[in-house]
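Trainee: Could we go through this model together? I would like to work from the strands to the individual residues.

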Amino acid sequence: MINAPRGTNDIHPPDTSYWQYIENKAHSVFNRYNYKEIRTPVFEYTELFQRGIGEATDIVEKEMYTFEDKGGRSITLRPEGTASVVRSFLENKIYGQPQPTKYYYLGPMFRYERPQAGRYRQFHQIGIEALGSNDPFLDAEVIAAGMNYVQELGLNNLKVLLNSIGCRECRPGYVEELKKYAAENKEKFCSDCKNRLKTNPLRILDCKVEQCSEALKEAPLILEALCDECEEHFRQVKTNLNRLEISYDLDPYLVRGLDYYTNTAFEVKYTGLGAQDTIFGGGRYNGLTEEIGRQSVPAIGFALGVERLLLTLKEQEIELPVETGLDVFIITIGEKARSRGFTLNQELRRAGVKSDMDYLDNSVGSQMKMADRQNAKYSFIIGGNELQKGVVTFRDMKSGEEEEIDIHNIVNKVQTYI
RNA sequence: GUGGGUGUAGCUCAGCCCGGUUAGAGCGCAAGAUUGUGGAUCUUGAGGCCGUGGGUUCAAGUCCCAUCACCCACCCCA
């Protein structure tokens with residue numbers, strides 16, 4: 001027996017209809033915000049992610065599915081969506097068109113990690129990216145679009161965490177301050193954080209170890225170290241969120257794992273999920289386009305984890321519209337009736353009626369049971385008697401009432417009922 | 001990559017500590033209960049390389065080792 005690779009999942013009915021619902025809702029909500037769908041390849045040259053995400057990040061260091069293709073090129077299955085979207089934006093010179101450019105995307109992403117609740121090796125993200133504007137109205141719009149999306153799906157009790165992590169003017173100075181503070185209080189931090197101090201100092205801010213949160217209480221805050229421009233930008237983002245009545249908690253310890261983020265950083269969490277509680281997260285990445293291309297294009301976006309969204313929907317016991325049952329199930333007795341039922345089935349379907357029949361040559365009782373299990377509104381019974389009279393027995397599955405109807409009129413008849 | 005838990009019927013699980021002959025339950029599935037009627041009940045039945053490989057033993061689902069997978073957590077992220 002060959003199993004699906006570790007960390008991958010098959011999605012079966014009825015779950016597939018949840019997925020379709022989630023995807024359809026994304027199309028409709030993001031279109032309303034005037035974001036257009038973009039589809040990029042599932043694999044890219046490895047260099048794109050190395051440059052875009054940052055060499056020092058865990059994603060690039062140890063989580064990428066990288067392989068050499070037959071032409072000797074290093075290829076990587078995309079671990080996230082933003083780098084590809086930016087690459088495509090630059091490669092196709094979309095910056096030459098009227099700005100901003102507003103995209104959304106959805107699809108599978110790949111990271112080589114140990115699977116756990118809400119985290120898989122092949123997982124799915126839905127994201128939006130708005131490129132070509134640094135307008136703080138846009139920061140708020142992006143967050144609003146995401147919140148609107150999950151709210152329309154029925155989610156409650158979500159928390160927006162907000163921070164600004166500055167720009168390349170003010171952040172380096174802050175990082176130095178932070179390093180200095182941490183060096184002076186080194187013994188108060190956990191061993192991981194002692195390492196982070198060298199590799200990625202900002203990350204000590206969101207360490208979940210209690211002693212570290214203690215140790216950080218006296219630490220300098222980035223919100224107090226922002227340059228005038230960043231501070232003003234952040235102030236306006238907050239004002240705009242207030243205007244949209246989106247409540248948020250300032251979290252000065254919220255940082256983002258990927259190098260390209262600047263200014264606004266946000267995460268939306270649901271606390272009932274266990275360790276993987278971030279439903280979506282994102283921020284501004286004004287530095288990314290220059291890493292990948294030559295142009296400097298400001299941009300902001302977020303990515304949402306579909307599997308986590310589904311877990312939350314189930315956790316909150318939100319009913320998603322499941323595929324409805326059959327209109328008609330055809331029950332036949334005998335070979336002749338079966339053949340007639342088979343052609344009638346096709347007639348029904350061509351007339352827009354959702355119908356099915358038995359393919360196991362089961363007993364009438366079993367066929368009736370099948371009709372019941374399939375949630376059929378009506379069953380059509382065709383046996384020797386019906387064939388002789390040229391009728392079908394039309395049974396209302398709810399009331400149990402039956403009437404005989406001319407087999408030539410049955411399609412029209414049932415259309416008026418559904 | 002690290003730690004803990006779990007792999008027995010289609011599904012959920014019991015049996016394992018304290019080895020012993022044909023491996024169980026519930027649900028689901030199938031057939032039937034005056035021969036052409038579902039959603040209730042009852043009867044009967046089908047369905048298991050007990051994750052895989054090795055070892056200990058007269059004997060292994062049960063004990064030991066390895067391996068794989070899943071779950072949870074750490075790391076990190078969506």
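Mentor: What follows is a discussion of a predicted model.

Trainee: In what order do the eight strands of the open sheet run?

Mentor: The order is S1-S5-S6-S11-S10-S9-S7-S8, and the pairing in this open sheet is mixed. Strand S1 (36-37) and strand S8 (249-250) stand at the edges. Each has a single partner strand, so one side of each is left without a neighbour in the sheet.

Trainee: How many bridges are there between S7 and S9, and in which sense do they pair?

Mentor: Strand S7 (residues 159-164) pairs with strand S9 (residues 262-269) over six bridges, in the antiparallel sense. As one example, asparagine 163 has alanine 265 as its bridge partner in S9.

Trainee: Turning to S12, is that strand enclosed or open?

Mentor: S12 is largely enclosed by the rest of the structure, because five of its five residues are buried. Both of its faces are covered. Val328, Ile330 and Thr332 lie on one side, Phe329 and Ile331 lie on the other, and all are buried.

Trainee: And how does the chain cross from S12 to S13?

Mentor: The chain passes through helix H12 (residues 335-350), and this β-α-β crossover is right-handed. S12 and strand S13 (residues 355-357) run parallel and are joined by three bridges. Valine 328 has serine 355 as its bridge partner in S13.

Trainee: What about S12 and S14?

Mentor: S12 also pairs with strand S14 (residues 378-382), in the parallel sense and over five bridges. The partner of threonine 332 in S14 is isoleucine 382.

Trainee: Which residues does serine 379 contact, leaving aside its neighbours within four places in sequence?

Mentor: Serine 379 is in contact with Phe329, Ile331, Met368, Ala371, Thr393, Phe394, Arg395 and Met397. Of these, Phe329 and Ile331 have already come up on one side of S12.

Trainee: Now leucine 326, please. Where does it sit?

Mentor: Leucine 326 is in the loop between helix H11 (306-315) and strand S12 (328-332). Leucine 326 is buried, at a relative accessible area of 8%.

Trainee: A change of topic: how many cavities of 30 Å³ or more are counted?

Mentor: The count is one cavity, and the largest cavity holds about 30 Å³ of space.

Trainee: Which residues line the largest cavity?

Mentor: Its lining consists of Ala182, Lys186, Phe189, Cys193, Lys194, Leu197 and Ile204. These divide into five nonpolar, no polar and two charged residues. Helix H7 (residues 191-199) supplies the largest share of the lining, three residues.

Trainee: Lastly, glycine 54. Where is it, and is it buried or exposed?

Mentor: Glycine 54 lies in the loop between helix H2 (46-53) and helix H3 (58-62). Glycine 54 counts as buried, at 5% relative accessibility. Between the C-alpha atoms of glycine 54 and alanine 299 the separation is 17 Å, and the two are 245 residues apart along the chain.

How values were computed:
Residues numbered from 1 in each chain as written. Chains lettered and ligands numbered in written order. Predicted model: local features only at pLDDT ≥ 70, side-chain atom pairs only at ≥ 80, totals over all residues. Heavy atoms only, no water. Helix = DSSP H or I, 4+ residues; strand = E, 2+ residues; numbered from the N terminus. Buried < 20%, exposed > 50% of the residue type's maximum accessible area, 1.4 Å probe, protein only. 1 Å grid on protein atoms, 1.4 Å probe; cavity = no way out; pocket = protein on both sides within 12 Å on 5 of 7 lines; lining within 4 Å. Points joined across faces, edges and corners; volume = space filled by probe spheres on them. Nonpolar A, V, L, I, M, F, W, Y, C, P; charged D, E, K, R; others polar. Pairing = 2+ DSSP bridges. Right-handed = clockwise from strand over helix to strand, strands pointing away. Contact = heavy atoms within 4.5 Å.
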